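Here's a quick tour of the model shown below. Have the sequence and the structure open side by side as you read.

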Amino acid sequence: VMLQNIHLMPKWCIELEKKLDVFAVENSHPNFRVFLSADPNKGIPIGILERSIKLTNEPPQGMLANLRRSFALFSKEDFEDRDTKVKCILFALCHFHSLMLERKKFGPMGYNMKYPFSAGDLRDSAQVLYNYLEGSSSVKIPWDDLRYIFGEIMYGGHIVDDWDRRMCEKYLLYFMRDELLDEIEMVPYADGKLSWPSPQPGPHERYLEHIETMPPESPLFFGMHPNAEINFRTVQCDKVFDLLLSLSGGADAGGDGDDDGSMSPMAIAEATCGEILEEVIEKKFATDDVARSMSDEEKGPYQFVFLQECEYMNGLVFEMVRGLQELQLGFKGELTMSEVMEDLAHALFAEKLPTWWVKLGFASTRPLKSWRVNLQDRCSQLDDWINDPLNIPKVVDISRLFNPQSFLTAIKQLCCQNMGLELDKLQVFTEVTKREAKQVDSEAKEGAYVTGMFLEGARWDSTANSLEDSRPKEMFTGMPVIVCKAGLASDKQDKNVYTCPTYCVPTRRPYFVFPAQLRTKAPPDKWVLAGVAMILDIGGA
């Protein structure tokens, strides 16, 4: 009996486990077998997993192994029958498929989302290639058609995020061109740091031999900076240690030792609870008083943004104070410890953010200690505004806002009021200055000065006023003050400008803020493949 995709019916899996128990008791036929297929899922009962012989089918690790497997999908006889042009394109297609599969290991720098690319995508793309070229008498290869079918339908059919789709499009734009038929560099935009040319047209064996000459794997193969490997190896280590900590029952690490310096988990949670309560109990922004102190004419888009930010902060602080005071009563024995209170205590001990603080708070990947410092910084910016509500700070740190998009929308709203334009036809344009926040002594003549942005995947050269390759081991680089101003959206693309996505945190999606425009001397496609983005709050990095 073959049952497929049982992960789609987790409740029925419990019934299945009972039926298998009955069959085991009743001594079923010696040749009776049940085959099950499923995606990894927590809903499958452990009993089924324990009695099963488990087989997994996963793509191999590494570019070389992936390319071997991709090329092996096409038989020697079938390959030899093909035209020289088809052979060249098919090899490039296999290489592209390997890149798309292996790029996911770089996490958010690789893709904003995970996609189920499979060998079927490669086979179907190859079939389209055969249909287009084998029956065609035209000398010219329809590159635009092929790129569209591969990038928008075959592989693009899986891709949901627009920035991931752009990256896929740029890979195809690099590989699917006339130069491929002669010789092309298979390592995009490496600038001589790594070289692996495409093979010369020939028999099947020549392609196999060429695959074995692939240099040792490097992020350069993907168009990324070598620093990207440091990033994903660090994430791998963090995951392993988190797993070990959870398996070892990290909450019991305090023990009952004789050392006076050791504290039990609950004692640590209680001490942390007192510290945080002391920090936030006095924090409250009098939004109603401030709103009443301003006339309707004085309340502009910026004022509404900061009033909204103060409301968000009041909501977060209120929940923090309520939860911590309740927990303190629990520690004293005056209240029965509920499950919510225990979760809060465990989070304080483990230096993690409690669930409700995450829901009411701002996007952040920081551990609790760093998050508390960041909270104080955010409050200080709001304090500055509350003291002078009619004027926004000369330089606004948008990384300290709950909703940075609202501030950028306020810039567009002011432009609408001043120039009589339609809001939905405007976009925010960025211009990087050479000044730091402390050097700015007046407000921007147009738009607003903002700070709090960090580049990931590249660095900003203030002297040349353009994007450059990152320095070794430098994961993030701070940006100078940026002028954000509104203007009419245009479809025209400047060849010397990279449209850089900006996100709140390093995990990127779903915390997208806006696209910024950064000057570049290198082709913008280079930075697309490198996964370059601006991050507002880089956490403890």
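## What to start with

In strand E12, the bridge partner of Val497 is Arg519. Helices (H or I, at least four residues) and strands (E, at least two) are DSSP runs, numbered from the N terminus. Two strands count as paired if DSSP finds at least two bridges between them. Val497 belongs to that picture through strand E11 (residues 497–503), which runs antiparallel to E12 and is joined to it by seven bridges.

This is a predicted model, where local features need pLDDT of at least 70 and side-chain atom pairs count only at pLDDT 80 or more, while totals for chains, interfaces and linings use all residues. Residues are numbered from 1 along each chain as its sequence is written, and side-chain values use heavy atoms, with hydrogens and water left out.

pLDDT is the predictor's confidence in each residue, from 0 to 100. The protein's mean is 88, with 96% of its residues at 70 or more. Residues 251–260 are another story: pLDDT stays under 50 there, and the model has six contacts (heavy atoms within 4.5 Å) beyond four places in sequence for this stretch. Where pLDDT is low, the predicted coordinates should not be read in detail.

## The five-stranded sheet

E11 and E12 sit in an open, five-stranded sheet with mixed pairing, in the order E9-E6-E13-E11-E12. The edges are strand E9 (476–478) and strand E12 (512–519); each has a single partner strand, so one side of each is left without a neighbour in the sheet. From one strand to the next, the twist averages 35°. For angles, axes are lines fitted to C-alpha atoms, for helices over the stretch in contact, and values run from 0 to 180 degrees between N-to-C directions.

Helix H8 (residues 162–175) packs on this sheet and touches E11 and E12, its direction making about 145° with that of E11. Now for the loop between E11 and E12, where you'll find Pro510. The peptide bond from Arg509 to Pro510 is cis, with omega near 10°.

## The four-stranded sheet

There's also an open sheet of four strands, ordered E3-E5-E10-E4, again with mixed pairing. Strand E3 (395–397) and strand E4 (426–432) are its edges, each pairing on one side only. Neighbouring strands here are turned by 40° against each other on average, direction ignored.

Inside that order, strand E5 (residues 448–451) and strand E10 (residues 482–488) pair in the antiparallel sense over three bridges. Val450 stands opposite Ile482 in E10.

## Cavities

On a 1 Å grid over the protein atoms alone, a cavity is a set of points where a 1.4 Å probe fits but cannot get out; a pocket is an open set with protein on both sides within 12 Å along at least five of seven lines, and lining residues have an atom within 4 Å of a point. Grid points are joined across faces, edges and corners, and a volume is the space filled by probe spheres set on the points. The whole structure has four cavities of 30 Å³ or more.

The largest cavity has a volume of about 140 Å³. Its lining has 17 residues, with Trp163, Asp164, Arg508, Val528 and Gly531 nearest the centre. H8 gives the most to this lining, with four residues. By class, the lining has ten nonpolar, three polar and four charged residues; Ala, Val, Leu, Ile, Met, Phe, Trp, Tyr, Cys and Pro count as nonpolar, Asp, Glu, Lys and Arg as charged, and the others, Gly among them, as polar. The second largest cavity comes to about 120 Å³, and of the 16 residues lining it, Gly223, Met224, His225, Asp469 and Lys526 are closest to its centre.

Of its 28 lining residues, Lys492, Gln493, Asp494, Val497 and Thr499 are the closest to its centre. H8, E4, E11, E12 and helix H18 (524–529) each supply at least two residues of this lining. By class, it divides into eleven nonpolar, seven polar and ten charged residues.
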